[in-house]
2 protein chains.
Amino acid sequence: MSIRDLARHLNISIGTVSRALNGRSDVNAETRRRVFEAAAAIGYVPNQSGRSLRQGTTNAIGFVVETNSETSLHGDTFFTSVYGGVQQVFAQHHLDLIVLLCPFDQDPLEHLRRVVSRRFVDGLFISAIQRHDPRIDHLIEREIPFMALGRSLSGGTHPWIDLDFDGVAHASIRRLSERGHRRIGLVTAGSEINLGYVFADSYREALAANDLPYDPDLLIRAETSEMGGYNAVDRLLKLPERPTAIVLVNEIMAIGVYRRLHEVGLTPGRDMAVIGFRDSPQSRFLSPRLTCFRIELFELGRRLAEGLLATMPAYRDQHPVGLVQEIWPVHLVPGESDPPPP
Amino acid sequence: MSIRDLARHLNISIGTVSRALNGRSDVNAETRRRVFEAAAAIGYVPNQSGRSLRQGTTNAIGFVVETNSETSLHGDTFFTSVYGGVQQVFAQHHLDLIVLLCPFDQDPLEHLRRVVSRRFVDGLFISAIQRHDPRIDHLIEREIPFMALGRSLSGGTHPWIDLDFDGVAHASIRRLSERGHRRIGLVTAGSEINLGYVFADSYREALAANDLPYDPDLLIRAETSEMGGYNAVDRLLKLPERPTAIVLVNEIMAIGVYRRLHEVGLTPGRDMAVIGFRDSPQSRFLSPRLTCFRIELFELGRRLAEGLLATMPAYRDQHPVGLVQEIWPVHLVPGESDPPPP
DNA sequence: AAGAGCGTCGTAAACGTTTACGACAACACA
DNA sequence: TGTGTTGTCGTAAACGTTTACGACGCTCTT
């Protein structure tokens with residue numbers, strides 16, 4: 001069932017059929033109508049391999065995610081909303097979004113190399129950006145259009161969007177400070193992911209901005225998991241002078257934090273203030289309700305898609321947005337987990 | 001950088017280069033060595049589109065998942081382990097796994113049609129199988145190799161693996177019955193997903209097997225979400241004669257169940273016994289610890305992959321496993337959420 | 001010594017599509 | 001009438017790969 005069959009069936013040439021289907025202007029309106037009609041009738045759909053081979057494009061964009069939960073910052077529910085936004089924009093351009101999973105036992109750079117060399121996709125989203133991320137260099141060198149969710153230290157001229165972890169740190173510290181907290185612990189990501197550093201830096205700045213001293217013992221690097229939060233609480237409670245509040249880089253950690261606090265006889269939100277990160281389905285059901293930050297993930301997905309398309313020659317004119325290098329805003333959602341100290 | 005460049009560089013024909021790279025026998029060992037060496041030196045990788053066009057195969061398998069959280073039975077963390085197992089098997093065959101997301105606002109059948117017609121993949125996994133699932137008919141008609149995670153009512157001759165929800169229901173009811181519970185509520189999936197019905201049927205059978213009466217009021221169909229569990233508890237507590245135990249089809253529901261119980265002054269695991277479903281990272285951190293069922297998801301992924309490959313002519317001889325239609329076992333993990341009634 | 005068998009390799013035709021190019025008719029204009 | 005313009009369409013060459021087929025030289029057999 002090739003374009004040749006369709007052309008024979010219509011008694012016209014395959015060139016005309018192709019032009020009709022691809023919406024080119026040099027084809028009679030009546031002819032175009034007949035072509036579409038016949039295509040629908042006999043169920044013809046163009047072969048993607050043939051198309052890709054000819055024009056060197058696949059009409060697909062890949063979203064690379066790590067399946068290693070230790071380095072993946074966000075809980076798994078994070079991406080589903082983002083995908084929705086991306087797909088909404090892509091639908092207008094007949095682009096397909098496919099998710100490419102980096103196996104947990106494979107080096108992310110190796111995985112990316114394979115993805116790129118197989119030419120599965122015309123462009124890529126990469127996430128969990130590390131401080132110095134060799135994947136970015138590789139993509140730039142190979143001239144593959146891509147958008148980074150998260151920024152690296154190098155900055156550079158590629159598009160990226162990063163969540164406003166600086167805003168998270170400042171808003172959290174200010175809020176706790178205004179409520180009378182003087183010793184505030186912070187649990188950040190322990191892997192080489194860049195936001196672990198960004199969050200720590202912002203924490204120190206925010207302390208200074210609120211005239212609070214910085215104590216290195218209160219800055220914990222941990223796995224972004226329930227167990228990470230659990231262990232971080234342990235370390236903070238062992239200090240000679242305990243903090244009265246904890247700020248977390250990740251809401252999944254909060255589950256472990258709550259649990260450990262309960263185990264040692266402390267009530268989260270009374271004996272210890274906690275501010276998590278994202279307002280996710282899980283965090284919303286913590287008791288007492290977690291103070292955290294809402295992120296418009298669907299809109300973020302839309303913006304990510306726009307930013308990527310703006311760097312792709314074939315779509316650039318329809319998305320004249322320039323180079324996207326943006327901090328994505330977060331919005332404080334007050335809960336009941338961070339009252340003034342006892 | 002095509003195979004032609006590589007052949008020119010070696011002063012041999014492109015046919016020989018292709019045969020050497022593809023491991024055919026009719027090529028001199030020394031020649032093959034030189035080909036591989038030169039390919040690595042100049043960084044040649046075969047173009048997938050050309051290859052696909054010629055041999056009508058893409059060397060990729062798609063895993064279709066719904067992003068609609070209402071009909072998606074499993075929490076999002078469910079699939080990550082499964083993917084790992086699938087990828088481990090696929091790696092031996094140079095097959096790539098790609099995840100294809102059905103947009104939340106698109107009909108799953110429409111989405112599948114598009115995926116199939118674009119010939120992105122050589123085979124498919126589909127999940128969230130409905131009672132009568134038109135996707136299965138479509139794939140059979142188009143003769144696309146596929147594996148279903150979940151079984152439909154029709155059964156048929158296609159491969160499927162379903163979780164042992166029958167075992168979950170029987171083990172839960174028996175355990176609760178042995179501990180003295182007489183009125184046991186069950187919350188099952190409310191959508192058209194088949195296991196919602198399977199779970200309900202097994203519930204009735206298990207009641208009969210333990211000489212317990214069946215009360216329709218105790219069988220609730222709900223969304224498989226936190227809110228679904230929250231609302232289900234509300235309905236059960238309004239009954240003139242309350243149940244003393246609840247069995248859930250999904251552990252995410254348990255979060256809502258715990259929360260609502262707390263709100264009305266009841267303590268889960270003391271005033272109300274709860275048995276959830278899966279032993280997931282989230283459920284493990286509920287307090288009191290949830291009695292639930294462990295599933296070897298990585299091994300499940302491996303078996304899914306084997307079952308799919310067994311139906312594909314190109315791989316069948318390496319996976320002589322016959323038609324896979326299996327119930328995947330679950331293992332009870334005792335917690336502290338289901339003591340005897342007060 | 002002639003033929004068969006084998007190992008190795010080159011040739012060329014596909015796979016299905018897009019697109020540059022030219023052909024042709026119809027029409028307008030001088 | 002001759003020339004240029006426009007609209008519409010057919011032709012054929014690519015894109016990169018795999019593979020059927022045949023060619024060639026060598027060894028072994030009879």
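**Interface between chain A and chain B**

Between chain A and chain B, 4 salt bridges are counted (a side-chain nitrogen of Lys or Arg within 4 Å of a carboxyl oxygen of Asp or Glu). One salt bridge links A:Arg114 to B:Asp96, with the closest N and O atoms 3.2 Å apart. The model is predicted: local features need pLDDT of at least 70, side-chain atom pairs count only at pLDDT 80 or more, and totals for chains, interfaces and linings use all residues. Residues are numbered from 1 along each chain as its sequence is written, chains are lettered from A and ligands numbered from 1 in the order in which they are written, and side-chain values use heavy atoms, without hydrogens and water.

The contact (heavy atoms within 4.5 Å) takes 43 residues from chain A and 42 residues from chain B. Together the chains bury about 3900 Å², 59% of it on carbon and sulfur atoms. Buried area is the accessible area (1.4 Å probe) that two parts lose on being put together, summed over both. A:Arg118, A:Arg259 and A:Phe285 supply 18% of the area that chain A buries against chain B, more than any other three residues.

Strand 2 of chain A is joined to strand 2 (residues 96–102) of chain B by 3 bridges. The two strands run antiparallel. Strands here are DSSP runs (E, at least two residues), numbered from the N terminus, and two strands pair if DSSP finds at least two bridges between them. A:Val99 stands opposite B:Val99 in strand 2 of chain B.

Key:
Helices (H or I, at least four residues) and strands (E, at least two) are DSSP runs, numbered from the N terminus.
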